[in-house]
Amino acid sequence: MKRRSIVKYAAVAAVMSLGLTACSGGGGGSDQAKQSGTVRVTLANHVWTDGIKAAIPEFEKSSGLKVELTQLGEDQLSDQYNVKLNAGSDEIDVMMYRPLQEGKAFAKNGYLADLTKNVSSDSNWDWKDYQEGPVKATTVDGKVVGVPIITEREVLYYRKDLLQAAGLQVPKTMDELEAAAKAIKASSPNTAGFVARTGKSAAVTQFSSFLYSFGGDFVDSSGKASVNTDAAKKAYSFYGGLIKNYGPANVSTDMSWPEAMAIFTQGGAAFYTEADSLYKNATDPAKSKVADKVGFAPLPAGPAGSKPYNIPSWALGVNQNSSNQENAWKFIQWATSKERTLEAQKAGVPGPRTSVWANPDGTSTYPKDLADAIAASAKSGVGHDRPEVVTVGKAREIVGAPIVATITGADSAAAANDAQTAFQTFLDSEKK
């Protein structure tokens, strides 16, 4: 199979390392790196990366290896991978990637080394400590191709003061959520009962938890499209209906999380479902007018229970073409250890290890109700928040169309039927 482009090609000549190198010297060939004991690591700009970068001297001292670190913004990172991985380059040993956005494509094109034996070889490092959802997302065709480093789940953000004033309890079911949103909207016309992402592509990840909680999924067990089942149609109608009926006035249908979060943090809505990893936007007084009034709870249960996504937004993998894979694994093993995961989580980066969430130090920097919601979500969470396909962007546009249709008052069921046809055609095209 021909290697296909994973991301849109950009001005490759402009793709540069941001000067973040943990040892002297340049890239060099793989033989040179191996002989000099150098591991070449490419990471994205992220709080997790900042913590690892600061701790690299510890790894170098204990391992005797040198780390050559390249840190890039997400677009630059994509361009870097698009060029080097497509060309079969061995200039990258360890790579930070997004399992649900590009992981399946990377694995299909042979970019990621099989780490199945590596993750099973050290009981102290403990692969069994990893949550089920993130493990599923970094496993392709039965092979482990990455180690999760950052996770997120969908939770319910809510205004404690508004619920108290209305005499309402925190909703535990979808029916209770709708009733509460309706009551607050009716009593306070200038306050939305509910807000969430509305953009055709952006909303898919947050809608996914509603889809699972209503008993649906994007594909069925045989791999066929399933976005027009009774469960899926009810989920589309419910999610879109919450926004249409109880959302902000004249709501836009192109909102991603920054726009939806802004409405919530400026006091414009009572309920908001969003990724737990974004919680500081709501609790930081410098960003939120309602910082001291925000509460958190697990996603309310639908007919199939509470089934939020529990996914790894980022993972570490090893370049299949690297001839330095043994040292690459040593770096990953260190960077994803229980100790390093605990330090990252204390810095506000939700991790994938069960033991760290069970450790009081691991939740010491989180609001207690959020930590409780995360713990509950991790147990029932689903390991994907979008269709698990190669061309993720196109798939999201297709399955997200009924969300917009419902919000704008169009026929939700008809839109789901149209999406079913388009999505199945898309899935068939990916098999060619």
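Predicted model: local features only at pLDDT ≥ 70, side-chain atom pairs only at ≥ 80, totals over all residues.
Author: Residues are numbered from 1 along each chain as its sequence is written, and side-chain values use heavy atoms, with hydrogens and water left out.

Reader: Why are α10 and α17 called oblique to each other?

Author: The axes of helix α10 (residues 230-246) and helix α17 (residues 392-407) cross at roughly 40° and come within 8 Å. Helices here are DSSP runs of H or I with at least four residues, numbered from the N terminus. Axes are lines fitted to C-alpha atoms over the stretch in contact, and angles run from 0 to 180 degrees between N-to-C directions. Angles under 35 degrees count as roughly parallel, over 145 as roughly antiparallel, 65 to 115 as roughly perpendicular and the rest as oblique. The two helices are therefore oblique.

Reader: What makes the contact of α10 with α17?

Author: Contact means heavy atoms within 4.5 Å. Among the residues involved are Tyr-236 and Gly-240 of α10, and Val-399 and Pro-402 of α17.

Reader: What makes Lys-84 and Glu-91 a salt bridge?

Author: A salt bridge requires a side-chain nitrogen of Lys or Arg within 4 Å of a carboxyl oxygen of Asp or Glu. For Lys-84 and Glu-91 the N to O distance is 3.3 Å, and the pair is a salt bridge. By this rule the count comes to 15 salt bridges.

Reader: Why does Lys-84 count as partly exposed?

Author: Buried means under 20% relative accessible area, exposed over 50%, and partly exposed in between (1.4 Å probe, protein chains only). Lys-84 has 22% relative accessibility and therefore counts as partly exposed. Glu-91, at 40%, is likewise partly exposed.

Reader: Which residues does a network of salt bridges link?

Author: Such a network links Glu-74, Arg-98 and Glu-102.

Reader: Why is Thr-42 called buried?

Author: Thr-42 has 5% relative accessibility and therefore counts as buried. Its contacts include Thr-70, Leu-72 and Tyr-81.

Terms used:
Lists of a residue's contacts leave out its neighbours within four places in sequence.
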